Structure formats: structure tokens, C-alpha cells
Amino acid sequence: MQEFFEEDARVGVLTTQPLGRVLDYRAPEGGCRLGAFVEVPLGPRKVTGVVWGPGEGDFDAARLRPVIRVLDAPPMTPEMRAFLERAGAYTLTPMPAMLRLATRVPGLGDPPSMRKVYRLGEGQPLRMTEARTRVLDAAREMGGLALTLGELAEAAGVTPSVVKGLVKTGAIREEDSPRDTAFPRLDPDLPGKALTDDQAAAAARLRAGSRSGDYGTVLLKGVTGSGKTEVYLEAVAEALRMGRQALVLLPEIALTAEFLTRVEARFGARPAEWHSGVTMTERRRTWKMVAEGQAQLVVGARSALFLPFQRLGLIVVDEEHDPSYKQEDGVLYNARDMAVLRASLNGARVVLASATPSLESWANADAGKYERLDLTARFGPAVMPEMRSLDMRGEDLPSDRWISATLARAVETRIAAGEQALLFLNRRGYAPVTLCRACGHQVGCDQCDARMVEHRFLKRLVCHQCGESKPIPERCPACDAEDRLAAVGPGVERLAEEARALFPEARIAVLSSDMYGTARQLKAEIEAIAAGGADIVIGTQLVAKGHNFPLLTLVGVIDADLGLQGSDLRAAERTFQLMRQVAGRAGRAEKPGLALLQTYQPEHPVIRAILSGDEEAFWRAEAGERLAAGMPPYGRLAGIILSGGDVGQVFDLGNTLARNDGALRRAGAQVFGPAAAPVARVRGRHRVRLLVKAPRGVALQPALAEWVAPLRLKGDLRLAIDIDPQSF
Ligand code: ADP
Ligand code: ZN
């Protein structure tokens, strides 16, 4: 393909605007390169785009509107353009939306010297207003960090003019943004930790892979605490030695703090970070340094996959089974799968690390598509925790209590010995149901088909679907009876209440995402717990994810049966993963750990598989069931979610689609539904789902595209296609 376009030549520019695919423009003065980031006119506006090709229209080039300017950023690489095209085709996402994922950075291409930044100054305003106070508070909270005008105004919830007003008084200082400073060099040749024989063997395989310079994916399966991180850092080291960039994806930002410290210990400097907690200014710098090939290692959330790496050599997906890798909003993609796609286009390596791999990755390794490396023992004196079920049928607990006498005794023993206990319940809030004892009404969300969950800590009822909340009412919204609303069932807050009554002397910490205002507060809490600042930790699945609490020796699972209810085909896999991960929190240091699973069905095959520890047997059995049902990973699945304000219209649309399934049938696919979606109403919109199922060899996306193409969505009706849905 043509690499450079002379001045006035026709160029095709892909923009981030949802208007068609590639638009033709005239190359600017000095010409432009293929892949260049440019600013182009679109109607009355100026928008960002990328030179995508020679342009296709037959319109006289001389009469096209010219590109306004080429932005000061390295051109998008051919691999990146191919990645966006392929990922867009896979997820059936229009290209402008794909480009938006890759350009979500403020002030892209602005020369740094043109930018002003703002921080706390010395001056005192004569007149204080509430808005001004908020700005000064926000600036103070940032410490020495400078923000752009927009960022500071947004952080304070004021208009930019309030900030400007404070600049005049000297209370806020305006200064030129410093030139983007380079990231410190990471040194792959610093001595790492001495690896055990098993670790060294796995690390050697990974290094050899990195040296090959070819694409390849490895499933690094190691029990919790086996040193997977130490091992894959050696793959990172090798990529850096080869002069290539590496990306480590983590499922939770709360995990990055510990991880950054470990990277610094290994390579002598901190890597770049990319996630929602990073300031806009810092993001801009990171984006640029990644594009210039200067940032060697990025640690980030799934969106880091769309950073403009110049010489990507390795992607690590840590805790690869984690459901949060699936983006459920906007562009629906699975970061694990997209990592494999991106690496395959870059001749890069992928390491998928997990103690409990997804069935997809297990099956790919089983079929020989991925190499598999196993670490079967914990590092050092630590051994795998013992796991036992606790048959609740014999425990005779009152209906408003959830900690059995057996579990309570175990907790007492541990805290008397100066160790920590974790009580795990995967339910946020105080109680999942608010019930009127007079009329039986359950308080639900006005906008969603979901119950309101009492959060006593926030003193509100909260909808976990849409986030809407309201004060806890005194009267029943249905029958108006006073003081008859009762909290039914346990959430972590209620469990904490029970634990406080049972263990009045103990220091109790609750770890639940909704109880911490900011990622920083959550991080601080996790560090305090790790340092021994609590005797009992009560937590949701937030605690299952890779934290190291060295003093923790007991895990009590309050309701091991919770995930097994419902008809989701993934329920067994998820419960298995979650229980093994949670149990893995125990006994990470010298003292052996114990996990007790409270269950009413100790004979359930999944519970038995969790306890037996025979993971291969579990996966083989699961795989067998999926294979028999033609379900993923042995069959292909897509979810079609239709939504709208009028339930009748949404169903009509669903029925129309289901009736006109010729394109699907010709391809060998089958459609099921329409049926009410798992959550049938969200934010006032009714949701209906169709499932499309096909054997593995079927090219599903083109068939889906052909199938929905004739559809004209009227009014507020919407259609979203979810390839490889998480629940089915
Ligand atoms: P995983 O990611 O498999 O759960 P980690 O890599 O977090 O395991 O290792 C668990 C703990 O053991 C960490 O504190 C880590 O620093 C330590 N560790 C693992 N391998 C070694 C080693 N070879 N030398 C020293 N410490 C190690
Ligand atoms: Zn709601």
C-alpha cells in the first residue's frame, strides 16, 4: 500500500465520528503519511482522524476539503490498523467506535508547550464561594500534581471560569505544562529473585518464546502463591532485552499498587500505568511515550490493549479467567481474546496466567493451540490450604444468622493465635431484599427489573443494575404500613454486624467496592489489612483477586451455594473459580491455611470438585457437558440484546428477527428466543434477548451482519450484538 501522500493527493481518513466509515480529504501542505493522526473538517466541526488509505471516491481530488493539520504524534502502525479492523469485524463494531477506543486521550497531538496546567498557589482570594472552596480542595487533594483546566474544573464540579477567577487572585497558579518527561529506564538485567527449579523451567520456556519473535500463546497455570508473577516477569525481561514493549493487564486497579512495587524491585524503576485512576495529564504523557516506543512496560486495565505500541513483544493477561476482562458497555469485547488477536498481528507473545483458567483457555491448551506451563506447588514453606465443607443442615442457625458455630470457633482460634480470618460473601450491601412484613411487597427499582439492596453504610437503598438510590423508606411504598419493612438475607455489611456481636474484641475490616470513595482509599485499606491492621476481613469478590495477606490463615465461605443457583451454563465454572481463588487467600506465608465452605448441598458435584482439588477432572467434566450441548468453547454463541421503552415493540422487533432467520440458517446457525433478557428492564428500558448458536466452523459474524442489516430501528429501539456472551 502507498505509504505517503503528496500535498493535494486524495486520502481516506477514518474519523471517530459515527458518520460512515472512511471519508475522502485532500492531503495537507507537506503531504501526510499513511496512519498519520490528523485533524479534519466534518461539517462545521474539526474532528480527529487517522489516514487510513488512498481514499476511494471518484470525486475530483482538487474539490475535496483539505486535512487541517497533521497532529504531533507518531503515525498509527500497520499492525494497529489491522488490529482495529479485525477486532471491529469480530465484535461487529463500526470502525469509528473502534478508533475511539484507540484515541481516548485528551489533547492528542497537541504540542506540550501550548498547554497550561494548574495547581494550588500561595494567594488568598478576597471573596470565597462554595465553588471556589471546592476548587481549592480539589487542587489540595492532588498534592503537587498539576491538572489541566478541564480536569481541575471537573474534579471540583465547577465551570472553568471559576478556576480562571482563582488564577487572578493567585490562589491557583497557572503555568506552562512541563515537556513530557521520559519514563525511567527499566533494567531487565538486574538480578531477579532466585527461582525454584519449577519456576526456572517455566521462565526458560517463556524466555525462549520471547526470543523467537513469533506469535504464540502460553497458558501459565499455577496454584495461588506459586510465583506466576515472578515467572512472567522473566518473560517481560526478555521482551525488554529484545528492545520490545510489554503490556501486563490486571483485572483490578486495586491490585496495581502491589504489582508496581514488585516491578520496581525487579527492574529498578516503575512502569507506566493505564487505568481509570490515572489523571488525564498522565494519560496523555503515557499515550505519547507508548507511541514513541519509549515506555517499555505498561501495566493497565483492559483498555490498555488499545494503546499505540510501536514494538509490542509481549502481553500478559493476569488472572485471565476474570469476568471483568469482558467489557459490557459500548464496544463489547473480551480483553483476553483481543490480547491474543493483537499479539498474533504483532508477532508478539501472550501469557495467560491463572490458578483457575477459563474453560476457553483450558480447552485451547488441551487442543494444543496454546502451550501450557504448570506450577503445582506454592513458593517456599507455604502449602495449599486444606479445604473442607461445612454441612449447614446440621448447624441449626436462626434465620437471621449466617456464621455457624463451627466456623465461629475456627475464627476464634485463629485470632487468638494472632492470625487473620476472612469471611467471604459475594453480596454487597446490608441485605439483598427489603420486604414489607405487612403486605409482602419487595422494594424494587422503579427503572429496572431488580430489587433495591439496602446499604446501611450509605443509609440508602441501591439498585445494583443502574446505581439509582433512595433513602431507606419508613413506610412501605405499596401498602403504606409504617415500620414494617424488614431486611431479608445477608450482605457483607450485615455479616460484619453479626461478626461484631460474635467477636466484640476483634478488629473487623469490610472490603466491598462500594464502601470506598476512591481507588486510593481502597488501596490504603488493603495495605492496612496486609500489615495486620485487622483480625477479621469481611469481603466480596474484591478480596478473591490476588491480594497477598500474609497473616491470613482461615477463609470462611458463608454461602458456597450462592453461585450455583440459576440456569447459567457458566455457573459451575464461575463457582469453581471463585471458591478456589478465595480459598487461595489462606496460608500464603509460613502458617498453613484452612478454607471452610458453608453449604447446604455438600454432595453437589461442583462443591465436591472444589474440595477434591482434582481440577483436571472438573474441567474435563465441564468440557464434556459443553461439547455435548454444542456450547462455547465447542460451539459459537452470540447474544442479541434489543431494548426500548415499550415492551411490546421490543418483543415485536425480536419476533421479526427470529422469523427472518434465512441468513443465519444458510450459514448453519440457529436462533433462539426472543425471551426476556436476564435483567429484563434497566433504566426504564425493556430488554429482550435472542441467542444465536452455531457450530465452531461457522463464520458467524458475516451471517449476523447480513441478518440484522435490513432492520430499521424506529424511535428509541436499540440493538446490541454480544459475541461470546458471558452468561448463557
Ligand atoms: P501467584 O501470582 O502465583 O499467586 P506470586 O508470584 O504472587 O504468586 O508469588 C507468591 C509470593 O511468593 C509472593 O510474595 C512472591 O514474592 C513470593 N515468591 C514467589 N516466588 C519466589 C521466589 N523464587 N523467590 C522469592 N519469593 C518468591
Ligand atoms: Zn435500577
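Me: Why is Thr48 called buried?
Reply: Thr48 has 20 other C-beta atoms within 10 Å. Buried takes 20 or more such atoms, exposed 12 or fewer, and partly exposed the range in between, with C-beta atoms placed from the backbone. So Thr48 counts as buried.

Me: What kind of model is this, and how are residues, chains and ligands labelled?
Reply: The model is predicted: local features need pLDDT of at least 70, side-chain atom pairs count only at pLDDT 80 or more, and totals for chains, interfaces and linings use all residues. Residues are numbered from 1 along each chain as its sequence is written, while chains are lettered from A and ligands numbered from 1 in the order in which they are written.

Me: Where does Thr48 sit, and what is Thr48 in contact with?
Reply: Thr48 belongs to strand β6, residues 45-53. A strand is a DSSP E run of at least two residues, a helix an H or I run of at least four, both numbered from the N terminus. Beyond neighbours within four places in sequence, the contacts of Thr48 are Thr15, Thr16, Phe37, Glu39, Thr103 and Leu108. Contact means C-beta atoms, placed from the backbone, within 7 Å.

Me: What separates Thr48 from Pro632?
Reply: Along the chain, 584 residues. Between their C-alpha atoms, 38 Å.

Me: Is Val13 buried or exposed, and how do you know?
Reply: Val13 has 24 C-beta neighbours inside 10 Å, so Val13 is buried. Val13 lies in strand β2, residues 10-15. Val13 and Gly49 are 36 residues apart along the chain, with 6.0 Å between their C-alpha atoms.

Me: Which residues carry the "binding site" annotation, and where does the label come from?
Reply: The label comes from an unreviewed UniProt entry and covers Cys436, Cys439, Cys476 and Cys479. Such annotations may be inferred rather than shown by experiment; positions follow the numbering used here, and feature names are shortened.

Me: What does Cys439 touch beyond four places in sequence?
Reply: Cys439 touches Cys476, Ala478, Cys479 and Ala481. The contacts of Cys436 include Cys476 and Cys479, along with His441 and Arg484.

Me: What makes the phi of Asp480 and Asp483 worth a note?
Reply: Most residues other than glycine have a negative phi. Phi of Asp480 is near 70°. Phi of Asp483 is near 55°. Both values are positive. Asp480 lies in the loop between β22 (469-471) and β23 (485-488); Asp483 lies in the loop between β22 and β23.

Me: Are Asp480 and Asp483 buried or exposed, and on what count?
Reply: Asp480 has 12 other C-beta atoms within 10 Å, so Asp480 is exposed. Asp483 has 10, so Asp483 is exposed.

Me: Which peptide bonds are cis, and at what omega?
Reply: Among them is the bond from Pro632 to Pro633, with omega near 0°. Another joins Gly673 and Pro674, with omega about 10°. Most peptide bonds are trans. Pro633 is in the loop between α17 (615-629) and β28 (635-644). Pro674 is in strand β29, residues 670-682.

Me: What surrounds ligand 1?
Reply: The shell holds 15 residues, the closest being Lys193, Gly227, Lys228, Thr229 and Phe379. A residue qualifies if its C-beta atom, placed from the backbone, lies within 6 Å. Helix α7 (residues 228-241) gives the largest share, three residues.

Terms used
Contact = placed C-beta atoms within 7 Å.
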